Amino acid sequence: MNKIASFTVNHLDLLTGVYVSRKDYIGDVCLTTFDLRFTRPNEEPPMDTPGIHSIEHLVATFLRNHAEWAEKTIYFGPMGCRTGFYLILAGDLTSSDIIGLLCELADYVLGYEGEIPGYSPRDCGNYLDNNLDMAKYYMRKYKSEVLDNPTEDRLNYPQ
């Protein structure tokens with residue numbers, strides 16, 4: 001079998017960042033998949049599951065209710081390696097195109113108080129596996145390393 005595109009990225013040189021992972025077309029509609037890398041692969045510990053789970057609930061809720069991006073949001077979810085998230089948006093987009101959106105969602109998570117959306121056994125298959133404090137820790141780190149000063153090496157995959 002052919003190696004999939006995400007396994008061809010040099011993870012040894014990969015920084016935390018916002019990367020275009022791939023672009024796919026369904027008819028004439030472009031879907032852009034973003035690699036939102038929250039931790040450095042193989043350098044930093046992976047994120048813990050409760051923190052990831054809380055980010056996933058909060059950000060998915062934020063995106064699907066966003067005035068501009070709700071109808072363009074296809075998917076948001078964690079990477080299996082627990083170093084970040086995939087975000088799929090409709091449109092032929094670059095990393096720079098979504099920095100404003102990512103800043104908004106980071107501020108949403110960082111300012112969030114109260115019960116996490118979907119925090120019930122009826123709404124979630126593992127609702128007790130959440131940690132808002134860890135979600136804020138990871139988001140604060142991502143915002144300071146990537147979003148507050150997005151440099152080219154954090155917007156484009158290493159060659």
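The legends below describe close-up views of a predicted model.

Local features are given where pLDDT is at least 70, side-chain atom pairs count only at pLDDT 80 or more, and totals for chains, interfaces and linings use all residues of this predicted model. Residues are numbered from 1 along each chain as its sequence is written, and side-chain values use heavy atoms, with hydrogens and water left out.

**View 1. The open sheet has 4 strands in the order β1-β2-β4-β3.** Pairing in the sheet is antiparallel (strands are DSSP runs of E with at least two residues, helices are runs of H or I with at least four, and both are numbered from the N terminus; two strands pair if DSSP finds at least two bridges between them). β1 (17–26) and β3 (73–78) are the edge strands, each with a single partner, so one side of each has no neighbour in the sheet. On average, neighbouring strands are turned by 15° against each other, direction ignored (axes are lines fitted to C-alpha atoms, for helices over the stretch in contact, and angles run from 0 to 180 degrees between N-to-C directions).

**View 2. β1 and β2 form a hairpin with 2 residues between the strands.** Strand β2 (residues 29–37) pairs with β1 in the antiparallel sense over 9 bridges. Ile-26 stands opposite Val-29 in β2, and Gly-27 of the hairpin takes a positive phi near 65°.

**View 3. Helix α1 (residues 49–64) packs on the sheet.** Helix α1 touches β3 and β4 (84–90), and its direction makes about 170° with that of β3 (contact means heavy atoms within 4.5 Å). Helix α3 (residues 132–147) lies across β1 and β2 and runs at about 85° to β1.

**View 4. Helix α2 (residues 99–111) meets α3 with the axes within 9 Å and a crossing of roughly 150°.** This angle makes α2 roughly antiparallel to α3 (under 35 degrees counts as roughly parallel, over 145 as roughly antiparallel, 65 to 115 as roughly perpendicular and the rest as oblique). The crossing is left-handed (the near helix is turned anticlockwise from the far one by less than a right angle; clockwise is right-handed). Contact residues include Leu-102, Leu-105 and Val-109 of α2, with Ala-135, Met-139 and Leu-147 of α3. By class, the contact of α2 with α3 has 11 nonpolar, 1 polar and 4 charged residues (Ala, Val, Leu, Ile, Met, Phe, Trp, Tyr, Cys and Pro count as nonpolar, Asp, Glu, Lys and Arg as charged, and the others, Gly among them, as polar).

**View 5. The axes of α1 and α3 come within 7 Å and cross at roughly 80°.** The two helices, α1 and α3, are therefore roughly perpendicular to each other. Gly-51, Ser-54, Ile-55, Leu-58 and Val-59 in α1 meet Leu-132, Met-134, Ala-135, Tyr-138 and Met-139 in α3. This contact of α1 with α3 has 8 nonpolar, 2 polar and no charged residues.

**View 6. The axes of α1 and α2 come within 10 Å and cross at roughly 125°.** Helices α1 and α2 are therefore oblique to each other, and their crossing is right-handed. Leu-58, Val-59, Thr-61, Phe-62 and Leu-63 of α1 make the contact with Leu-101, Glu-104, Leu-105, Tyr-108 and Val-109 of α2. The contact residues divide into 8 nonpolar, 1 polar and 1 charged.

**View 7. Phe-62 in helix α1 and Tyr-108 in helix α2 form a pair that links distant parts of the chain, 46 residues apart.** The structure holds 8 aromatic pairs (rings of Phe, Tyr and Trp, the last by its six-membered ring, pair if their centres lie within 6.5 Å; planes under 30 degrees apart count as stacked, over 60 as edge-to-face and the rest as tilted). The ring centres of Phe-62 and Tyr-108 are 5.2 Å apart and the planes lie at 35°, so the pair is tilted.
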